[in-house]
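Please read the following report beside the sequence and the coordinates. It moves from the overall layout to individual contacts.

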Amino acid sequence: MRYTTMTTAIIIQARMGSTRLPGKMMMNVAGIPLNEYVISRVKQSQKVNTIILATGNGNENAILLQEAARQGIVGFAGSEDDVLDRYYQAALLANASIVVRITGDCPFIDPTIIDAVISLFENSNVDYISTNHPATFPDGYDVEVFSSDAMEKAWKEATIPSDREHVTPYIWRNDTLFTKINYAHNEDLSSLRVTIDEPEDLEFVNKILKLTPIKNHRLTDIISVIRAHPELTQINNEFERNEGYARSLAKDQEFSQVDDRKKWIRSTSLLARAKKLIPTASQTYSKSYNYFCEGASPAFLAKGKNGYVWDVDRNQFIDFVLGLGPITIGYANEEVNNAIINQLSNGISFSLPIELELKLAEKLIEIIPCAEMVKFVKNGSDATAAAVRLARAYTGKEVVLCSGYHGYQDWYIGSTENNKGVPVDVQKLVKKFEYNNIESVKKLFEDHQGDVAAVILEPCQAEGPNKGFLEKLKELTHQYGALLIFDEVVSGFRMALGGAQEVYAITPDLASFGKGIANGASLSIIAGRADIMKLIDHGVFISTTFGGEATCLAAALKTIEILERPNSFPHILSLGNKWINAIKQMIEEKGLREYVEVYGVSPHAGPTFKTVGPIHSHDLFTIYQQTLIENNILSVGVNNFCLTHTDEDIQKLIDAANKGLDLVAQAIKTGDPDSLIKGEKFRPIFGRRSS
Ligand SMILES: Cc1ncc(COP(=O)(O)O)c(C=O)c1O
């Protein structure tokens with residue numbers, strides 16, 4: 001008796017837009033609309049907690065929601081075609097553990113049969129019971145009962161259209177994944193048809209009902225009437241049982257030939273829902289559908305392992321985005337996971353500092369050249385904002401010179417075109433200089449004599465610093481009484497453990513780190529000279545509840561331990577080098593230098609595309625990226641590499657990029673990129689490197 005204390009929901013699927021009999025749910029059955037007739041019968045079930053009418057979210061179905069309310073049951077509008085998703089969402093709404101599926105076009109549905117199948121389900125240890133595998137009841141008495149767990153599994157895994165449209169085929173087709181039994185009638189009545197799909201069905205049902213003396217009729221009553229009037233069956237006996245499902249199967253064939261649609265069915269459905277609930281349907285602009293040729297790309301991922309990810313449609317990709325940088329070792333790394341799990345069992349957040357904070361601080365001070373003291377925050381934006389505040393407090397000045405992207409806080413984003421909501425006075429305090437152009441920095445120092453608090457930059461941009469640039473920058477900055485801040489959110493824990501400052505042997509006054517420090521867990525740090533950092537004790541307010549959150553600290557310590565092993569960085573860097581050499585060579589060989597250049601330094605590098613005349617960089621990038629996706633590579637152009645990527649993975653990236661660049665060359669040659677683009681074009685919300 002596994003299920004007796006759980007919530008049982010009958011979900012009646014119904015919609016107005018039926019292809020064979022549009023509007024049938026409001027058509028007249030024995031003097032009332034079909035939906036009302038069905039609901040009144042379902043309400044007679046003794047074993048059910050909730051009844052939901054689940055319809056599609058098209059406007060024409062609004063009347064069914066009103067009808068549901070009028071009849072005192074729950075109305076729910078969900079996906080039109082992905083009825084499995086509609087059921088899943090409706091069941092979540094009811095918090096149902098047992099789901100009973102009824103279709104709204106079955107006016108004879110028999111509550112005693114519904115209850116019998118639910119009882120059998122409650123007393124059997126199976127995932128699914130129905131009356132129609134094989135069918136013995138007349139068409140129109142179908143009842144299916146299944147666990148919400150089984151439905152969730154199907155919801156997660158089913159991809160072909162018929163499985164999504166007909167809710168349960170994924171469950172009853174897959175004997176190895178689900179346990180099932182059939183609830184059979186003692187006599188095979190499967191040739192009789194009392195469902196309503198066609199106008200003739202409606203005529204037949206109404207004629208039978210006129211001859212039925214009992215209001216709350218049961219199967220036996222209807223069978224008696226049909227047997228007494230066999231001639232009536234001729235009204236609708238030309239129609240096949242399960243014609244709708246058969247048509248869906250035909251669509252599956254068509255669908256399997258159109259590979260792209262097969263690939264993104266769940267992504268498409270989730271994206272449609274997310275667009276209504278979450279601005280840009282993502283928490284990070286650069287992970288949103290605008291950045292991944294919508295319609296020809298996955299929109300949602302489900303899981304990752306090492307260098308691979310799987311999307312919600314179970315397509316596998318080699319991932320060179322790596323969460324936009326945080327994954328340095330690989331997804332779901334066992335050692336890092338175990339460190340997190342061990343910490344979890346002792347607690348996540350505490351009321352006093354914990355020793356782990358000290359251990360991590362000691363480690364960071366050992367590996368980061370500028371770090372005499374450190375402070376933990378949560379994301380890169382926190383860390384850059386804190387460093388800038390410290391510099392302003394230390395120098396007593398307010399102007400900041402910057403180069404690169406530094407996060408979403410007012411101080412920086414006010415200087416970009418995405419500055420809505422940032423006070424104008426704040427916007428005026430930040431000025432941009434050109435990377436590798438010391439003269440541009442000099443000019444700003446001269447224009448803002450005595451006002452500059454700090455120079456902050458991503459120390460490794462484009463192909464890295466020109467010889468002497470960082471040295472001169474440090475000298476100039478100090479000469480004008482300002483502080484030098486390295487924003488190492490990207491370069492830290494990726495180029496080397498100590499970041500770009502270790503690689504280029506230039507020690508800034510302060511630095512911010514984030515992304516790669518904890519293999520995907522959320523942690524960032526401000527590091528720097530003790531005399532500056534100590535201001536946090538003296539009026540510079542940098543404090544956040546989750547700064548010392550313990551699982552991230554445990555993840556960071558383990559990540560650093562793994563990255564410190566002798567072969568770790570050599571492996572990651574060699575993958576990056578192999579890629580950079582190959583992409584540079586391909587660009588040359590294909591004569592694409594005018595349109596494509598390589599941005600970055602190993603292991604964070606890749607092609608960026610340029611607008612030349614009428615050929616737009618976004619179109620070229622879309623063609624390139626969509627080709628990579630077709631070859632099961634996830635990339636945003638400039639790639640990241642992790643410890644668990646292999647040489648074979650890089651070769652697959654190179655092969656896919658080769659095909660992508662061939663198509664880019666073709667688009668340039670024909671002058672018609674649009675003809676090669678299969679989804680929406682890349683539409684970035686902000687240009688990371690241009691700002
Ligand atoms: C160089 C740099 N600094 C700061 C940030 C902001 O980090 P976060 O997005 O974690 O706030 C980013 C994010 O991409 C970055 O690349």
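The sections below take up the basis of the model, its layout, a sheet, the salt bridges and some single residues.

## Basis of the model

The model is a predicted one, in which local features need pLDDT of at least 70 and side-chain atom pairs count only at pLDDT 80 or more, whereas totals for chains, interfaces and linings use all residues. Residues are numbered from 1 along each chain as its sequence is written, and side-chain values use heavy atoms, with hydrogens and water left out.

## Overall layout

The C-alpha trace of the chain spans about 105 × 65 × 50 Å along its principal axes. The chain is divided into domain 1 (8-239), domain 2 (258-331 + 566-691) and domain 3 (350-548), with bounds that come from an automatic or database domain assignment. Between the C-alpha centres of domain 1 and domain 3 the separation is 62 Å.

The secondary structure comes to 25 helices and 23 strands, where helices (H or I, at least four residues) and strands (E, at least two) are DSSP runs numbered from the N terminus. Of the 691 residues in the chain, 56% are buried; buried means under 20% relative accessible area, exposed means over 50%, and partly exposed lies in between (1.4 Å probe, protein chains only).

An open sheet is formed by three strands in the order 20-21-23, and the pairing is antiparallel. Its edge strands, each of which pairs on one side only, are strand 20 (596-601) and strand 23 (639-640). Strands are taken to pair if DSSP finds at least two bridges between them; strand 21 (residues 604-609) and strand 23 pair in the antiparallel sense over two bridges, and Ala 605 stands opposite Asn 639 in strand 23.

Pro 603 is placed in the loop between strand 20 and strand 21, and this residue counts as buried at 0% relative accessibility. The C-alpha atom of Pro 603 is separated by 4.3 Å from that of Gly 576, although the two residues are 27 residues apart along the chain.

## Salt bridges

A search of the whole structure finds 40 salt bridges, each defined as a side-chain nitrogen of Lys or Arg within 4 Å of a carboxyl oxygen of Asp or Glu. Arg 20 forms one with Asp 197, the closest N and O atoms being 3.7 Å apart. Arg 20 lies in the loop between strand 1 (8-13) and strand 2 (28-29), and Asp 197 in the loop between strand 9 and helix 8 (199-210), so the pair ties together parts that are 177 residues apart in sequence. Arg 20 is partly exposed at 22% relative accessibility, while Asp 197 is buried at 13%.

Arg 529 forms a salt bridge with Asp 509, with 2.8 Å between the closest N and O atoms. Because Arg 529 lies in the loop between strand 19 (524-528) and helix 21 (530-533), and Asp 509 in the loop between helix 20 (500-503) and strand 18 (510-513), the pair ties together parts that are 20 residues apart in sequence. Arg 529 counts as partly exposed at 22% relative accessibility, whereas Asp 509 is buried with a relative accessible area of 4%. Asp 674 and Lys 681 also form a salt bridge, with the closest N and O atoms 2.8 Å apart; Asp 674 is partly exposed at 45%, and Lys 681 is partly exposed at 29%. Salt bridges that share partners join Arg 20, Lys 24, Asp 105, Asp 139, Arg 193, Asp 197, Glu 198 and Asp 201 into one network.

## Single residues in loops

Asn 174 is placed in the loop between helix 7 (169-173) and strand 9 (180-182), and it is buried, with a relative accessible area of 18%. A polar atom of the Asn 174 side chain lies 2.8 Å from the backbone oxygen of Tyr 170.

Phe 541, found in the loop between helix 21 and helix 22 (550-563), is exposed with a relative accessible area of 62%. Phe 541 and Leu 390 are 151 residues apart in sequence, and their C-alpha atoms are 8.9 Å apart in space.

## A nonpolar surface patch

Ile 341, Leu 344 and Ile 348 make a nonpolar surface patch of about 260 Å². Patches are made of residues with over 30% relative accessible area and no salt bridge, like charges being joined within 9 Å and nonpolar side chains (Val, Leu, Ile, Met, Phe, Trp, Tyr) within 5 Å; accessible areas come from the Shrake-Rupley method with a 1.4 Å probe, and for residues only the protein chains shown count as cover. Ile 348 has its place in the loop between helix 13 (334-344) and helix 14 (355-367), and Ile 348 is partly exposed, with a relative accessible area of 40%.

Note on methods: A polar contact is a pair of N or O atoms within 3.5 Å; within protein, one must be able to donate a hydrogen and the other to accept it, and residues adjacent in sequence count only if both atoms are side-chain atoms.
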